[in-house]
Amino acid sequence: MGDICRWSPERIRQAIRASNKQAVIATQKYVLLENSAIRTDYEFIACPCDESCWCKRHKCTGHYRIRKMSFDQFLQTYVNLWIPPKARENIKNAVRFGTPFNGRQRNAVKPLKWLSANWIDVLTRVRSYNKCGLCDSSFPAVGDVTNLYQAKMWSQLLYDSVVPFDTKSKAQIKQAGYSDPTKDFRAMNSELFGDLRKLSENAGMGVDSIRNLDCPWVVATSLEKPSGGQPLSRVLDKVFYAP
Ligand SMILES: [Zn+2]
Ligand SMILES: [Zn+2]
Ligand SMILES: [Zn+2]
């Protein structure tokens with residue numbers, strides 16, 4: 001058991017708000033691009049689970065699913081979400097044309113090239129998975145996830161079920177009592193979601209209220225709240241992530 005389920009919802013809300021506040025002033029404008037990606041790249045499907053499922057029993061109304069799209073659109077959103085502005089074109093050129101790139105984010109290139117070669121298969125697989133992280137931790141990522149750029153890629157593919165990490169958030173995640181994501185990414189994910197379920201039970205919060213722990217439109221008033229609320233991976237990520 002890690003720390004999250006012992007925190008009050010207010011403490012979680014504050015940690016997330018601090019992360020969003022920093023993101024609004026950081027050069028990457030992460031929360032703004034995240035908000036538009038939720039609207040353009042995802043659909044909110046009605047919760048398909050039956051009455052015995054944890055999420056359904058906790059007022060879950062639906063899950064986010066990535067839309068049918070081209071790999072190029074996915075790649076554009078990937079660089080918008082996870083890569084600093086100066087390196088975005090370089091990463092895209094390295095993935096699409098094999099242009100050499102030796103910047104700090106070079107480890108993003110290999111997993112993205114792999115995804116490009118397997119795009120239709122992977123998209124079909126993740127779209128046929130209709131659970132969320134709160135009710136199922138067997139998300140269909142292929143192979144081991146050890147590098148943070150791979151983790152970001154799978155989180156983007158399964159926005160409601162897979163929590164990404166970076167160097168700084170990994171240290172925070174470990175300090176809070178969770179598995180090292182570079183050693184066991186699935187364990188970290190299932191522990192985090194397990195504790196989010198406990199938090200929800202202890203506080204009597206339904207899935208909608210859990211999604212609303214992250215509300216970036218409060219700190220950036222130009223943002224619109226997406227109809228389904230925030231994807232669940234955003235909530236967990238931002239407890240630990242500082243831009
Ligand atoms: Zn559900
Ligand atoms: Zn469910
Ligand atoms: Zn669910």
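I began with a cut-off: a residue is buried if 20 or more other C-beta atoms lie within 10 Å of its own, exposed if 12 or fewer, and partly exposed in between. This is a predicted model, so I kept that in mind throughout.

**Entry: K59.** I looked up K59 and counted 14 other C-beta atoms within 10 Å, so K59 is partly exposed. K59 sits in the loop that runs between α3 (54-57) and β2 (62-66). Its phi is positive, about 60°, although K59 is not a glycine.

**Entry: Q76.** I applied the cut-off again here: Q76 has 17 C-beta neighbours inside 10 Å and therefore counts as partly exposed. I found Q76 in helix α4 (residues 71-82). From Q76 to E89 I noted 13 residues in sequence and 9.2 Å in space, C-alpha to C-alpha.

**Entry: α2 and α4.** How do the axes of these two helices cross? I noted that the axes of α2 (residues 30-41) and α4 come within 9 Å and cross at roughly 155°. Angles over 145 degrees count as roughly antiparallel, so α2 is roughly antiparallel to α4. Their crossing is left-handed. On the α2 side I listed L33, E34, A37 and D41, which meet T77, N80 and L81 in α4. I sorted the residues of this contact into three nonpolar, two polar and two charged.

**Entry: the core.** I turned to the largest nonpolar core and found 56 residues, with L112, L134, W154 and L192 having the most contacts inside it. Helix α8 (residues 148-157) gives the largest share of this core, six residues. I then followed L134: leaving out residues up to four places away in sequence, L134 touches W54, C55, F193, L196, R197, V207 and L232.

Note on methods
Residues numbered from 1 in each chain as written. Chains lettered and ligands numbered in written order. Predicted model: local features only at pLDDT ≥ 70, side-chain atom pairs only at ≥ 80, totals over all residues. Core = buried A, V, L, I, M, F, W, Y, C linked by C-beta atoms within 7 Å. Helix = DSSP H or I, 4+ residues; strand = E, 2+ residues; numbered from the N terminus. Contact = placed C-beta atoms within 7 Å. Axes fitted to C-alpha atoms, helices over the stretch in contact; angles between N-to-C directions. Parallel < 35°, antiparallel > 145°, perpendicular 65-115°, else oblique. Left-handed = near helix turned anticlockwise from the far one by under 90°. Nonpolar A, V, L, I, M, F, W, Y, C, P; charged D, E, K, R; others polar.
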